[in-house]
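Visitor: Can you put the model up? I have a few questions about how the chain packs.

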Amino acid sequence: MAPTRQRTTRREDRRSLQALACREDRRSLQALAFTMLSRQAVNLRGPQLRSRAQAWVRVGLWPQEMEAWIGAVGVDGAAIARDCRTAGIALSAMNVSLDGRRVKERLRGGEPAFSVLASATACGRSLSD
């Protein structure tokens, strides 16, 4: 008995193609993130760059946004960028000074995004666009 081919519907084929395209987009974004990070952190190599690139892709930024956030919070700042977006802190607020320290310095120093937001609110400053 000859093996039978499984038939798929057009809808299933379309979903498969969409899923493949999504994976390809994610891979190309990861390659772009890898390139950006390798320019910023020349001391990092393959596996270290790949893990950071994956973290940046998970934040869900457009390439230009990703590059700007990397410039503001550093190559290890994917979690900071994610937390800022969750808290509503805009990229443009990174250089705002709160009690003598810039927002990005506070965040890089380990202060949680919501704490920075609370400090800004207490001072009457807005960190959103």
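Visitor: Which residues have the most contacts inside the largest nonpolar core?
Guide: This is a predicted model. Trp 56, Ile 89 and Met 94 have the most contacts inside the largest nonpolar core, which has 34 residues.

Visitor: Which helices supply this core with at least two residues each?
Guide: α1 (10–40), α2, α3, α4, α5 and α6 each supply at least two. The protein chain has six helices and two strands, and from the N terminus the elements run α-α-α-α-β-β-α-α.

Visitor: What does Met 94 touch, leaving out residues up to four places away in sequence?
Guide: Met 94 touches Trp 69, Ala 72, Val 73, Cys 84, Ile 89, Arg 102, Val 103, Lys 104 and Leu 107. Of these, Cys 84 counts as buried, at 0% relative accessibility.

Visitor: Since you mention a cysteine, how many disulfides turn up in the whole structure?
Guide: The search finds zero disulfides. Cys 123, for its part, is partly exposed, with a relative accessible area of 40%.

Visitor: On to Ile 70. Where is it, and is it buried or exposed?
Guide: Ile 70 is in helix α3. Its relative accessibility is 2%, so it counts as buried.

Visitor: And what does Ile 70 touch, not counting residues up to four places away?
Guide: Met 36, Leu 37, Gln 40, Trp 56 and Val 75. Trp 56 is also one of the residues with the most contacts inside the largest nonpolar core. As for C-alpha positions, those of Ile 70 and Ala 81 are separated by 8.5 Å, and the two residues are eleven apart along the chain.

Visitor: Charges next. How many salt bridges are there in the whole structure?
Guide: A search finds five. In one of them, the side chains of Asp 76 and Arg 52 meet at 2.4 Å, N to O. Asp 76 lies in the loop between α3 (63–73) and α4, and Arg 52 lies in helix α2 (residues 46–59), so this pair ties together parts that are 24 residues apart in sequence.

Visitor: Is Asp 99 buried or exposed?
Guide: Asp 99 counts as exposed, at 63% relative accessibility. Arg 106 is buried, with a relative accessible area of 8%.

Visitor: What is in contact with Arg 106, leaving aside neighbours within four places in sequence?
Guide: Leu 98, Asp 99, Arg 101, Glu 111, Val 116 and Ser 119 are in contact with Arg 106.

Visitor: Val 116 is in α6, then. Which residues of α6 are buried?
Guide: In α6 (residues 113–122), Ala 113, Val 116 and Ala 120 are buried. They cover an arc of only 65° around the axis, which puts them on the same side of α6.

Visitor: Why would residues spaced like that point the same way?
Guide: An α-helix has 3.6 residues a turn, so residues three or four places apart point the same way.

Visitor: What do the buried residues of α6 pack against?
Guide: They pack against α4 (78–87), β1 (97–98) and α5 (103–108). The face of α6 turned away from its buried side carries the exposed residues Phe 114, Thr 121 and Ala 122.

Visitor: And what follows α6?
Guide: Gly 124 follows α6, and its phi is positive, near 80°.

Visitor: Last, some totals. How many residues are in the chain, and what share counts as buried?
Guide: The protein chain has 129 residues, and 33% of them count as buried. The chain exposes about 8800 Å², of which carbon and sulfur atoms supply 50%. Among contacts with a separation of 6 or more, residues 24 or more positions apart account for 47%.

Methods:
Residues are numbered from 1 along each chain as its sequence is written. This is a predicted model: local features need pLDDT of at least 70, side-chain atom pairs count only at pLDDT 80 or more; totals for chains, interfaces and linings use all residues. Side-chain values use heavy atoms; hydrogens and water are left out. Helices (H or I, at least four residues) and strands (E, at least two) are DSSP runs, numbered from the N terminus. Buried means under 20% relative accessible area, exposed over 50%, partly exposed in between (1.4 Å probe, protein chains only). Contact means heavy atoms within 4.5 Å. Accessible areas come from the Shrake-Rupley method with a 1.4 Å probe; for residues, only the protein chains shown count as cover. The arc is that of the directions from the helix axis to the C-beta atoms. A salt bridge is a side-chain nitrogen of Lys or Arg within 4 Å of a carboxyl oxygen of Asp or Glu. A disulfide is a pair of cysteine sulfur atoms within 2.5 Å. A nonpolar core is a set of buried Ala, Val, Leu, Ile, Met, Phe, Trp, Tyr and Cys residues joined through side-chain atoms within 4.5 Å.
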